[in-house]
Amino acid sequence: LNDLLTTSTLTNILFNEAVGGDKTPDTLTRIDSILERHPGSNRALMMLGTNDSGGSTPLSSSQYKDNMQLLANRMIARGKSVWISLIPPALPYAENATRNGDIEGYNAAIKTMSNIQIGPDFFSFFYDDNQTPGNSNDDNERLSLYYDNFHPNALGSRIMSILWANSLTGSTT
């Protein structure tokens, strides 16, 4: 993403503060230390929710939204503009239908948050249901871009970087 955003007149420095397995409540406990490490930053890009949707007690959409809004508010209070992407699906969709229902609820919640910018729609990119009811054989699942059910492989990550760059710059490359 850094390479995609850096031009001859604009330099970017990106920091990745992701912790594998973190859920939104975990990130809430760490957000102040993250912000302290990057006082000169002016933009925060977030993608949280895959882990919130898993396990025996996934967060409700309202709990998820409350946590994400608290995170965004903390960053905004420190002078950051906040961009939040829509969460990618768990694939194959049919094998993870309940979890994907939660993820779709989280994505709907993101769209109703205040004072944020909506980033790339990873859900629609990785899974296109072609507007047909239920899970059908004409659905487009980009399984080849995942190395397991939840995580993009190297090419999937590269595409996510391009989609982030497009969101941030307004490009459609």
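**Note on side-chain contacts**

1. Tyr93 is buried, with a relative accessible area of 14%. Buried here means under 20% relative accessible area, exposed means over 50%, and partly exposed is in between (1.4 Å probe, protein chains only). The model is predicted, so local features need pLDDT of at least 70 and side-chain atom pairs count only at pLDDT 80 or more, while totals for chains, interfaces and linings use all residues. Residues are numbered from 1 along each chain as its sequence is written, and side-chain values use heavy atoms, without hydrogens and water.

2. Seven aromatic pairs are found in a search of the whole structure. Among them, Tyr64 and Tyr106 are stacked, at 4.2 Å centre to centre with 15° between the planes. Tyr64 belongs to helix α3 and Tyr106 to helix α4 (residues 97-110), so this pair ties together parts 42 residues apart in sequence. Tyr64 is buried at 0% relative accessibility, and Tyr106 is buried with a relative accessible area of 0%. Rings of Phe, Tyr and Trp (its six-membered ring) pair if their centres lie within 6.5 Å; planes under 30 degrees apart are stacked, over 60 edge-to-face, and the rest tilted. Helices (H or I, at least four residues) and strands (E, at least two) are DSSP runs, numbered from the N terminus.

3. The Tyr93 and Tyr127 rings are also a pair: their centres are 4.3 Å apart and their planes at 10°, so the pair is stacked. Tyr93 sits in the loop between β2 and α4 and Tyr127 in strand β4 (residues 127-128), so parts 34 residues apart in sequence are tied together. Tyr127 is buried, at 5% relative accessibility. One aromatic cluster is formed by Tyr93, Phe123 and Tyr127.

4. There are four salt bridges, each a side-chain nitrogen of Lys or Arg within 4 Å of a carboxyl oxygen of Asp or Glu. One of them joins Glu17 and Arg37 (2.7 Å, N to O). Glu17 is in the loop between α1 (2-5) and α2 (24-37) and Arg37 in helix α2, so the pair ties together parts 20 residues apart in sequence. Glu17 is partly exposed at 23%, as is Arg37 at 45% relative accessibility.

5. Arg74 meets Asp32 at 3.7 Å, N to O, linking helix α3 (residues 61-77) to helix α2 over 42 residues. Asp32 meets Arg78 at 3.9 Å, N to O; Arg78 is in the loop between α3 and β2 (81-86), 46 residues apart from Asp32.

6. Arg142 lies over the face of Phe125, 4.2 Å from the ring centre. The rule asks for NZ of Lys or CZ of Arg within 6 Å of the ring centre and within 35 degrees of the ring normal.
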